[in-house]
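Subject: Structure for you to look at, with notes

Dear colleague,

I am handing over a structure that I would like you to open beside this message. Please keep it in view while you read the notes below.

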Amino acid sequence: MKKTNYVITIIMIFMFLSSVNTGSANHIDNDSSIEINDFVSREVYQSPTYSVPEMEREYVIFAKDYAQYDILLDNLDVITEFDSLRAIGFNAYPGDKYLLDLTYPDQVFDAALFSEARIPEPVTIHSDSAIALDGNDEQIMNVEPLWDAGYNGTGVVVAVYDNGINENHPGLKDKVIDTYDATYYLGYSYAACKDHGTPVAGTIAGSGEDFSGNVNLDNRGMAFGAELVSVEMGCVGESGLWANFLGGFEWIVENNDTIKVVNTSWGGGGPSFDPIIRVLNSVNITLVGSAGNEGPGSFTTANGSPGNAISGISVGGIDYNQNMFSSSSTGPIPGLLYKPDVLAPAVQVVTTLLDGTYGEISGTSFSSPLTAGAVATLISAMDANDIPYNPGVIKAALMSGASSIGLNEMTQGQGIVDLNNTWSLILNADTDSKGMPMMLEVTPHNPSFISKYTLDVFQDITTTIPLTLITSHPDEVNVAFTGDFVSFASFDSSNLEAGVYSQPIEIELDTNGISEGSYSGQVIVSLGTSEVAVSFTVKVGDKAKAFMLMDLGHTNWDLQGQDGLAGPNTALTVSLAKDNGIWVEVYNDRITSSVLEDYDILWMPDALDLEDIDEIGSVNPLYDDEITAIVNWVDAGGSYLVDFNGLTEFESEITGGTIQAGLNASGINHLLSEFGISASTTPIVYPSAPGIASLYNFSSPSGSVNRITHFGNYLEVSGDAKAIGYDKAGISTAINDVIGGGRVLVTSTNFWMDSSGISGGYSVGDTNRQFADNMFKWFLEDEQIKFISSDIDGNTITGKYQALKDGSPFAHPEVQLLGNNLVNATTFTATDLGDGIYEFTYTAETDGFHRFQVVSGDNYAAWEFSVDTQGPVVETFAENPNFTGFPANQKAFIPFNVYDLISELSKTDITITLDGSTYDLLTYSYNPSELKLIVTIDGSLLGNTSLHWYILSITAIDESDNSNTFDYYFYVGAEQPEIPTVDESPISLLFFFVPLIAIPILRKIKK
């Protein structure tokens, strides 16, 4: 099957725009159809007939230019206008917003996404009374040569977009020349606490002065001659921030005649700040932001941070030994683009504190302002030498001049900021006719880090290699190729955007007709006499076994990069799919029959996960025509995978009340009900940690896996759907083998298949990965062994199944009874009932756990039941056999093995008496995992016990109500009484010679 990438068609919908002009009276009705006029085609879109929350929300749309901006102003239900940003806040219903997305892709967002952020943790502060101040940031970043030349940020204004600045700190006296209050938005307002913004400000422009008027040069900011403006956000909860982001950035743009640099040391805000930063860049303002403190390793870049937008400068952290700061985040960002861009110190940064003192503080929150200060110092040098610049000059020179620490670019970017080297590059660069330096950088130089997703490909596919171009002159860049992949690599230069200084560029690979093998070469990006070579090797494998579409159009997690080819929710599952021969492509548009016909598997990760007016995040509803397309496609043989956390309830820091998330479950239920599966409409209280769901082992996805990670709500099943996973509260995973069609797997959690789950990061070890691997093999198997029913009557089981191949019946009557320590393996023939349906009946003649399988390749069905007529086993240990004596006036600890070959026992299943009664002097504990009972007897409380046999009676009862009592005789003192005649229970010794290791094995199979 040949697969091509889909391009979203931009369509004109002036008819629709006029329909929403006056607001809610003209919103799209659920039972109506909307005609959208395309100059190429005409299509009818039906809105949902199921229940969708009919509540208007506030959205934000970013216009591409002022002509588009004016059209939108005339046709939207406008709430707020941000003229300088070309952004409009407007009211609309979710269905209206979805239709706007079709015309304005990547331009429409939920307004709430631009209101809430967080300060990256950790932030550790040590006051100056407890530290030996160390001021070598400027040495590490090689800023001192510019200071020595008289360049220190003088004449440059930096905006500190944070939670406020203490302007009374002696080191910041007369530094803050203006303030903008952005703390009120969407009806909520929170005070600026200034505990984070103050040290950020001092890191940029602090003078080093203390309350006594003394100046410590080591305490100065990186641009100690610069001035500041403060854009204040409010403080919410623990490290939370609340702000009118758009209003704050609008104010910055309006003051572009003075403000030249913006610092943002926070993350988790909007889905994409690129529209905002592009406007900043257009008025010659450079934005610098922290990479985040989400830890080392793959897929952890702080999401929603301005610094991690393509157009921003993202700064990771190092310690003073120039090793990576242990908490510094790494890339990629959405689109498999590399971040951070550069590094700066993040550990024990000396700066101004809220209380007016100085101290050490840590986190990439301070790597960013160190870099922002370095940029301000660089701009002051360029201004002093009449060198024109734009944000492309600054960012490209900063990255090109950085010093590598020998790590991959997804971790270190281009390395540690070296400002003197950056300045030298600018001074020696080619210039245009106006004297502006022609700077160029491309990242990555070596894209091997994401090769699993972009460079390891199959035959007969088209795909792209994403790079980021950073340049002062995007209109003049050329792209060429060398090496042995020239024949199938290409670049469309018409996709370069004029005036955009940082932008993704995509190298297209077309492997149709290309033989298996490795192909190496370079992409040569040039500007004038400058060149950057990107070297990589494309590995072309065999043809793909299947093509999987990852639908990102019905989840909000892709907005912050959580979902996608390399998102932390999905990356390793994508990698595992490719290991199984499945090519995965992402899609963010409407699902149609024509789209699905080129795919074998549809994956909806985190489907319709968040939808609530008070909660950040919203998703597009599933429309009736989309549901119809999916159902028809599955009936025709397509396989469908969906995961979501479902309806949850938790407390909001913003509103102070209870919030329900996942209200759009009605949409997913409208689809899932077609397959006999639905999500619970009863919300669960948001759990604090992932739990464990057990798996039934009668289906191929389960295989030998007995548990997976679960963190979410629950499912209900009916008809042909089967539950295969559960915990104590309900069903977590279900499947449906559509007869003659495809396969459906639904799970009410995404934790087992996120990167932590697949890599064994939760408590269930490798079983999540095994389950995912089984699932993909199940999707690929053309032979279908469909479990139909299981009826148990006493010791007899009747099982029924269907054997299909490519949807047609085939002969497969062989049934296997698996052997274990209690059951002998055997094979027998099932009865053919016609149409590929078979039935078998088996009567068990011995106790034990009985498991039956019908297997065809990687596909199978299984039945299991246990026969339990014997009571539990109680055994003594060799060191304390029956008829043992213990010293008087001491505590005795008597161990026993207590277990049942079929059931699991707990302490409540065990009763102990001493001489027929219970005493305070007797206590006991039971460890189910070790099958060990320990009885403690305080001999000092037995009194005069000379020549007396005590009888310790241990009674255990199993799940089948079979019981057994074992009498243990012991005496206390030095003299043994005469041993009585005892008829020991044969039940207690029945399985004495069965190895104990068999017990946990049997239990594992049963689960």
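Which residue stands opposite Glu-508 in β27? That place is taken by Thr-464. Before going further, please note that this is a predicted model, in which local features need pLDDT of at least 70 and side-chain atom pairs count only at pLDDT 80 or more, while totals for chains, interfaces and linings use all residues. Residues are numbered from 1 along each chain as its sequence is written, and side-chain values use heavy atoms, with hydrogens and water left out.

The sheet around β27

Strands here are DSSP runs of type E with at least two residues, and helices are runs of H or I with at least four, both numbered from the N terminus. Two strands are said to pair if DSSP finds at least two bridges between them. An open sheet is built from four strands with antiparallel pairing, in the order β22-β24-β27-β26. Its edges are β22 (440-443) and β26, each of which pairs on one side only. Strand β24 (residues 462-471) is joined to β27 by nine bridges, again in the antiparallel sense.

Strand β27 covers residues 502-510 and contains Glu-506, a residue that counts as partly exposed because its relative accessibility is 48% (buried means under 20% relative accessible area, exposed over 50%, and partly exposed in between, with a 1.4 Å probe and protein chains only). Together with Asp-492, Glu-508 and Asp-510, Glu-506 forms a negative surface patch; in such a patch, residues with over 30% relative accessible area and no salt bridge are joined when like charges lie within 9 Å, or within 5 Å for nonpolar side chains (Val, Leu, Ile, Met, Phe, Trp, Tyr).

Strand β5 and its neighbours

Strand β5 (residues 87-92) has five of its six residues buried, so it is largely enclosed by the rest of the structure. Strand β3 (residues 57-62) runs antiparallel to β5 and is joined to it by six bridges, with Arg-57 having Ala-92 as its bridge partner. Strand β4 (residues 77-82) is also antiparallel to β5, through five bridges, and here Asp-77 stands opposite Asn-91. The strands β4 and β5 form a hairpin with four residues between them, and in the turn Arg-86 has a positive phi of about 55 degrees.

Salt bridges

Side chains of opposite charge can pair when their charged atoms come close. The structure holds 13 salt bridges, a salt bridge being a side-chain nitrogen of Lys or Arg within 4 Å of a carboxyl oxygen of Asp or Glu. One of them joins Glu-497 and Arg-278, whose closest N and O atoms are 3.1 Å apart. This pair links distant parts of the chain, since Glu-497 is in the loop between β26 (489-490) and β27 while Arg-278 is in helix α8 (residues 274-282), 219 residues apart. Glu-497 is partly exposed at 34% relative accessible area, and Arg-278 is partly exposed at 26%.

Another salt bridge, with an N to O distance of 3.3 Å, is formed by the side chains of Asp-625 and Arg-590. Asp-625 belongs to helix α16 (residues 624-635), and Arg-590 to the loop between β31 (582-587) and α15 (593-596). Is Arg-590 buried or exposed? At 2% relative accessibility, Arg-590 counts as buried.

With regards

Notes. Accessible areas come from the Shrake-Rupley method with a 1.4 Å probe; for residues, only the protein chains shown count as cover. Lys and Arg count as positive and Asp and Glu as negative; His and the chain ends are not counted. The place of a charge is taken as NZ of Lys, CZ of Arg, CG of Asp or CD of Glu.
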